Structures are given as structure tokens and as C-alpha cells.
Amino acid sequence: MEIQQVEGSLVCTQRVPGLHRVHLRVLRDARGKRVVATDPVGASPGNWVFVVSGSAARYAMGDARILTDLTVGGIIDHWEPDT
């Protein structure tokens, strides 16, 4: 698991069948690297979240048929990032 910050939503009108009706978020790690993750919890821009990867990401979506290798596992209520 890693901690990342939500930058915003990613809108894609054309998707493979395994990603239909799945919310996508653009996340940024502490080094500034951007990634895209599926989001079953409804994170908003600016939220700090933890993500799960690999096969655990598919199960975190609640449906192992969803094609993802990175999923938001939860929104962090309190955390003080290193500055």
C-alpha cells in the first residue's frame, strides 16, 4: 500500500468492458509521479488516500473482473505528510 494525493478525475468515454462505470482518479505521490487508479470510495481532489495494487486492487473494487492494478482503498482522515 502507498499513500497518494488525489489531483482530480479522469474522464474517458471509450473504455474496455472491464472498466465501464468505474470512477478513475489521477493521483500524485510525494515525488510528483502521477498514476491513475480506480476509485470505489469516492475520493475528491485534495484528499490523501491509500492505494492497493496488483491482484488486491481487483478485489478491493468488489469485483475481480474489473481490470485494474491500482485501486483507492480508503480516504485518510488524518495524516501529516513529511514536508
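Student: Buried means under 20% relative accessible area, exposed means over 50%, and partly exposed lies in between (1.4 Å probe, protein chains only). Which class does tryptophan 79 fall into?

Tutor: Tryptophan 79 counts as partly exposed, because its relative accessibility is 35%. Please note that this is a predicted model, in which local features need pLDDT of at least 70 and side-chain atom pairs count only at pLDDT 80 or more, while totals for chains, interfaces and linings use all residues. Residues are numbered from 1 along each chain as its sequence is written, and side-chain values use heavy atoms, with hydrogens and water left out.

Student: How confident is the predictor overall?

Tutor: The average pLDDT, the predictor's confidence in each residue from 0 to 100, is 93 for the protein, and 99% of the residues score at least 70.

Student: What is the order of the elements?

Tutor: From the N terminus the order is β-β-β-β-α-β, that is, 1 helix and 5 strands. Helices (H or I, at least four residues) and strands (E, at least two) are DSSP runs, numbered from the N terminus.

Student: Now β2. Which strands does it pair with?

Tutor: Two strands pair if DSSP finds at least two bridges between them. Strand β1 (residues 2-9) runs antiparallel to β2, with 4 bridges joining them, and β3 pairs with β2 in the antiparallel sense over 5 bridges. Leucine 27 in β2 stands opposite valine 6 and has valine 35 as its bridge partner in β3. In the hairpin of β2 and β3, with 5 residues between the strands, glycine 32 takes a positive phi near 95°.

Student: How many residues of β2 are buried?

Tutor: In β2, 4 of its 5 residues are buried, so the strand is mostly covered by that definition. Arginine 25, found in this strand (residues 24-28), counts as buried because its relative accessibility is 10%.

Student: What does arginine 25 touch?

Tutor: With contact meaning heavy atoms within 4.5 Å, and not counting residues up to four places away in sequence, arginine 25 touches several residues, including Val6, Val35, Asp39 and Ala43. A polar atom of its side chain lies 3.0 Å from the backbone oxygen of alanine 43.

Student: What about serine 44, where is that?

Tutor: Serine 44 lies in the loop between β3 (34-38) and β4. At a relative accessible area of 37%, serine 44 is partly exposed.

Technical notes: A polar contact is a pair of N or O atoms within 3.5 Å; within protein, one must be able to donate a hydrogen and the other to accept it, and residues adjacent in sequence count only if both atoms are side-chain atoms.
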